[in-house]
Amino acid sequence: KLNFTSTLGGQTFNSPFLNASGIHCQTAEELADLEGVKELGGIVTKSATLEARAGNDKPRYYDLAYGSINSMGLPNSGYNFYLDYVQKEHAKPTILSVAGLSVADVIKLLKEVQASDYQGLTELNLSCPNVIGEPQTAYDFETTRKVLTEVFSFFTKPLGVKLPPYFDLVHFDQIAAVLNDFPLTHVNTINSVGNGLVVDVEKEQVVTKPKGGFGGLGGAMVLPTALANVRALRQRLNPSIAILGTGGVTTGADVFAHILCGAQLVSVGTQVIKEGLGVYARLEKELSDIMEAKGYTSLEDFRGKLQVM
Ligand SMILES: O=C1NC(=O)NC(C(=O)O)N1
């Protein structure tokens, strides 16, 4: 039997698989579905904002052979719904994803989480690319430091951050220099590759309505970017900060690659939309087969051990 267990923020995850925040985790029904997926190690909520949001105009999601583009705009039921949900009894650990449209909103939201009885993990989404007029906070290193300084002046529960992809090695150095100054349990990397554009040549038109068709990219096409961000941050962050790998997972080999680059847990988003929640059973089987073929019995046998030439 393979050992898939790991601990994070005081919680035990019996499997390395997570749902990517935003995919099949916005409503009570979707969250109940996730509870029933035995291969899932934990449940991540849709990023919650102070007030409920309808999100951007539709169509705001489009499926591609090589991935997806989305411009959802943080549609969610408001943080009270998700904070109530995560405080209920669950067979799996939960990660409460939260997002603020301003620093003040983030502080107000996290003060409510701190004051609640919730003992699980919280993840601050600093990287949504789709709120019209809002920047991806984590591309502004000074603001990120400012936000985390204020948050950790009162927040004592397990907290991670969801990061956008970076594309410049100097930017990996700069964001790591900020994050290493705070007692984070984890970073979750990557969020979608922001502001891509898909064109329907036959119609001579964009495929999503918000923002003139600009949206976050996910799925197979972002795997190399996701792996680079997992690897670069694993090389730079304090060992006390775990890495959750998100982005581009369609096969067990992709899960293996994320873990080889340093991921402790691995999220699946676009592929859940394409294949349904049965994808987790397939990924677990494929990962297990790869591990057995290589003689590995535990994720620790190869985590973070990517070889360079
Ligand atoms: O952080 C986010 N990343 C995305 O790719 N989309 C959602 C959204 O637009 O709500 N949020």
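These legends describe close-up views of a predicted model. Local features need pLDDT of at least 70 and side-chain atom pairs pLDDT 80 or more, while totals for chains, interfaces and linings use all residues. Residues are numbered from 1 along each chain as its sequence is written, and side-chain values use heavy atoms, with hydrogens and water left out.

**View 1. Residues around the ligand.** Among the residues around the ligand are Lys 46, Asn 70, Met 72, Gly 73, Cys 128 and Ser 192; a residue counts as near if one of its heavy atoms lies within 4 Å. The shell consists of five nonpolar residues, six polar ones and one charged. In this division Ala, Val, Leu, Ile, Met, Phe, Trp, Tyr, Cys and Pro count as nonpolar, Asp, Glu, Lys and Arg as charged, and the others, Gly among them, as polar.

**View 2. Polar atoms at the ligand.** A polar backbone atom of Leu 74 is 2.6 Å from an oxygen atom of the ligand. For Asn 125, a polar side-chain atom lies 2.9 Å from a ligand oxygen atom. The side chain of Asn 191 has an N or O atom 2.8 Å from a nitrogen atom of the ligand.

**View 3. A salt bridge between Glu 39 and Lys 38.** The side chains of these two residues, Glu 39 and Lys 38, meet at 3.0 Å, N to O. A salt bridge is a side-chain nitrogen of Lys or Arg within 4 Å of a carboxyl oxygen of Asp or Glu. By this rule the count is nine salt bridges.

**View 4. A salt bridge between Lys 274 and Asp 63.** The side chains of Lys 274 and Asp 63 pair at 3.1 Å, N to O.

Notes
A polar contact is a pair of N or O atoms within 3.5 Å; within protein, one must be able to donate a hydrogen and the other to accept it, and residues adjacent in sequence count only if both atoms are side-chain atoms.
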